[in-house]
There are 2 protein chains.
Amino acid sequence: MTDGVVERSRPRDRILETARDMFHKHGIKGVGVDAITEAAGTNKMTLYRHFESKDELIVECLRANALKAGAMWETFEAEHPGDKLAQLHAWVRKAAAMLNTDGRGCDMANAAAELTEPDHPARRVIKELKEAQRERLVGLCRDAGIGQAELLADTLSLLFEGARVSVQTVGAEGPSTQFVRMAEGLIVSFRGTAAN
Amino acid sequence: MTDGVVERSRPRDRILETARDMFHKHGIKGVGVDAITEAAGTNKMTLYRHFESKDELIVECLRANALKAGAMWETFEAEHPGDKLAQLHAWVRKAAAMLNTDGRGCDMANAAAELTEPDHPARRVIKELKEAQRERLVGLCRDAGIGQAELLADTLSLLFEGARVSVQTVGAEGPSTQFVRMAEGLIVSFRGTAAN
DNA sequence: GCTGGAAGTTACAGACCGGTAACACCCTAG
DNA sequence: CTAGGGTGTTACCGGTCTGTAACTTCCAGC
């Protein structure tokens with residue numbers, strides 16, 4: 001499971017999966033289409049039959065990431081049915097786990113750092129997906145009966161985002177080790193405020 | 001003041017300044033040495049007489065950035081001599097101002113996102129500079145008489161880091177607008193705890 | 001004015017990039 | 001068995017990248 005994702009499945013799926021993995025590990029500009037197709041056990045022509053350009057492949061990878069991340073929320077609901085507060089704590093634990101298992105930051109944030117052209121197709125997708133992500137967290141906080149749900153959600157989300165870049169810059173032993181403590185403290189503090 | 005920093009000064013300084021600006025705006029892998037030297041009003045040979053490689057130029061740019069950021073702290077001390085709490089609030093205001101004036105994130109974080117090779121010379125420099133940055137903020141919190149200075153400093157720093165990536169992904173009208181509110185709230189909250 | 005070093009110029013090497021053309025192959029649906 | 005679409009192969013295009021060689025020009029200090 002290094003870079004060679006060569007299970008037998010349809011070429012398009014292999015390319016998408018391999019590209020996701022390699023973009024995540026080596027950055028978007030750090031990976032060429034040749035390297036992707038080779039690792040996916042196929043060739044460049046096949047890639048360009050399924051994706052009209054590398055940029056479209058990038059966009060598709062980001063969407064696939066978001067889809068996978070969306071599935072995460074469903075496990076929260078499955079593990080704590082109806083208990084929105086427990087689901088929020090599950091989110092915190094899940095976020096902390098990601099900090100320890102993955103030294104690279106958020107793919108969307110990394111992509112935004114790399115793709116600086118203001119009209120790059122990936123930028124609107126990133127914005128769109130990040131806003132959807134925020135809506136979900138806000139909804140969770142609100143349903144958990146927390147006053148100022150937006151503020152808590154935004155704070156937690158900035159904290160997590162910051163923790164991910166911190167892991168990327170100073171490593172997993174830096175300030176990100178305190179993430180759970182910070183997040184739990186915030187939740188307690190916000191629970192104290194009236195839910196008017 | 002777009003990309004053409006061609007004031008008359010020594011070529012090395014012009015190259016360094018121009019590279020800093022262009023790396024910041026377009027990303028490291030998004031800028032070639034030819035483009036840098038042209039914008040700096042010089043040529044490639046001169047660049048390679050002063051920097052042994054692009055990687056070394058990158059490292060030097062990061063160090064120059066940190067130097068400039070270090071000067072910021074001195075203005076805090078100059079504007080609020082001895083009043084460490086006021087300096088901490090000045091840091092919050094300054095951070096918020098950066099969120100609104102600069103749509104790109106932290107150069108070190110962006111560089112870490114782009115330069116994925118684990119032994120890239122820039123990575124150790126980034127870690128070193130980020131740790132120094134943290135020490136400064138921790139010191140400020142401690143001198144401001146705040147209990148759990150490390151935890152507050154880390155929280156503020158993760159919040160700020162997260163706000164910068166948020167600006168880069170969803171824009172300045174997203175969650176980052178709440179940064180000052182979050183930060184001030186945290187400071188108040190930590191001031192309440194005993195300084196034992 | 002002369003000299004020596006810094007800076008500019010041109011050309012090039014070698015590698016890699018994204019993307020395409022033309023053609024051979026294989027495998028499955030009919 | 002056959003037809004046809006998906007796939008593989010090879011070669012190529014034009015461009016860009018970092019880095020270097022050889023040479024000229026400029027300019028300050030003596």
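In the predicted model, a phosphate oxygen of DNA strand C lies 2.6 Å from a side-chain N or O atom of Y48(A). Such a pair is a polar contact (N or O atoms within 3.5 Å; within protein, one must be able to donate a hydrogen and the other to accept it, and residues adjacent in sequence count only if both atoms are side-chain atoms). Residues are numbered from 1 along each chain as its sequence is written, and chains are lettered from A and ligands numbered from 1 in the order in which they are written. Local features need pLDDT of at least 70, side-chain atom pairs count only at pLDDT 80 or more, totals for chains, interfaces and linings use all residues, and side-chain values use heavy atoms, with hydrogens and water left out.

The surroundings of DNA strand C comprise 16 residues. A residue is near a strand if one of its heavy atoms lies within 4 Å of it. The closest residues are K44(A), Y48(A), K54(A), T42(B) and R49(B). Sugar or phosphate makes up 49% of the atoms of DNA strand C within 4 Å of the protein, and bases make up the rest. The backbone also takes part. An N or O atom of the V33(A) backbone is 2.8 Å from a phosphate oxygen of DNA strand C. From chain B, a polar side-chain atom of N43(B) is 3.4 Å from a sugar or linking oxygen of DNA strand C.

Helices are DSSP runs (H or I, at least four residues), numbered from the N terminus. Near DNA strand C, α3 of chain A and α3 of chain B each supply at least two residues of the surface. The largest share comes from α3(B), with four residues. This surface has six nonpolar, seven polar and three charged residues. Nonpolar covers Ala, Val, Leu, Ile, Met, Phe, Trp, Tyr, Cys and Pro; charged covers Asp, Glu, Lys and Arg; polar covers the others, Gly among them.

DNA strand D is surrounded by 17 residues. T42(A), R49(A), K44(B), Y48(B) and K54(B) are the closest. Of the atoms of DNA strand D that come within 4 Å of the protein, 43% belong to sugar and phosphate. K44(B) has a side-chain N or O atom 2.3 Å from a base oxygen of DNA strand D. The T46(A) side chain places an N or O atom 3.1 Å from a phosphate oxygen of DNA strand D.

Three helices each supply at least two residues of the surface near DNA strand D: α3 (44–50) of chain A, and α2 (33–39) and α3 (44–50) of chain B. Here α3(A) gives the most, with four residues. By class, six residues are nonpolar, seven polar and four charged.

Side chains of opposite charge can pair when their charged atoms come close. Over all chains, the structure holds 22 salt bridges. A salt bridge is a side-chain nitrogen of Lys or Arg within 4 Å of a carboxyl oxygen of Asp or Glu. In chain A, E17(A) pairs with R20(A) at 3.2 Å, N to O. Both residues lie in helix α1 (residues 11–26), three residues apart, about one turn of the helix. E17(A) is partly exposed, at 34% relative accessible area, whereas R20(A) is buried, at 13%. Buried means under 20% relative accessible area, exposed over 50%, and partly exposed in between (1.4 Å probe, protein chains only).

K25(A) and D21(A) form another salt bridge, at 3.1 Å, N to O. These two also lie in helix α1 of chain A, four residues apart, about one turn of the helix. K25(A) is partly exposed, at 29% relative accessibility. D21(A) is partly exposed, at 22%.

In chain B, the side chains of K68(B) and E17(B) meet in a salt bridge of 3.9 Å, N to O. K68(B) lies in helix α4 (residues 54–79) and E17(B) in helix α1 (residues 11–26), so the pair ties together parts that are 51 residues apart in sequence. K68(B) is exposed, with a relative accessible area of 52%. E17(B) is partly exposed, at 34%. In chain A, salt bridges that share partners join E17(A), R20(A) and K68(A) into one network.

The mean pLDDT of chain A is 94. pLDDT is the predictor's confidence in each residue, from 0 to 100. In this chain, 94% of the residues reach 70 or more. Residues 1–6 of chain A have pLDDT below 50. Beyond near neighbours in sequence, this stretch has 19 contacts in the model, where contact means heavy atoms within 4.5 Å.
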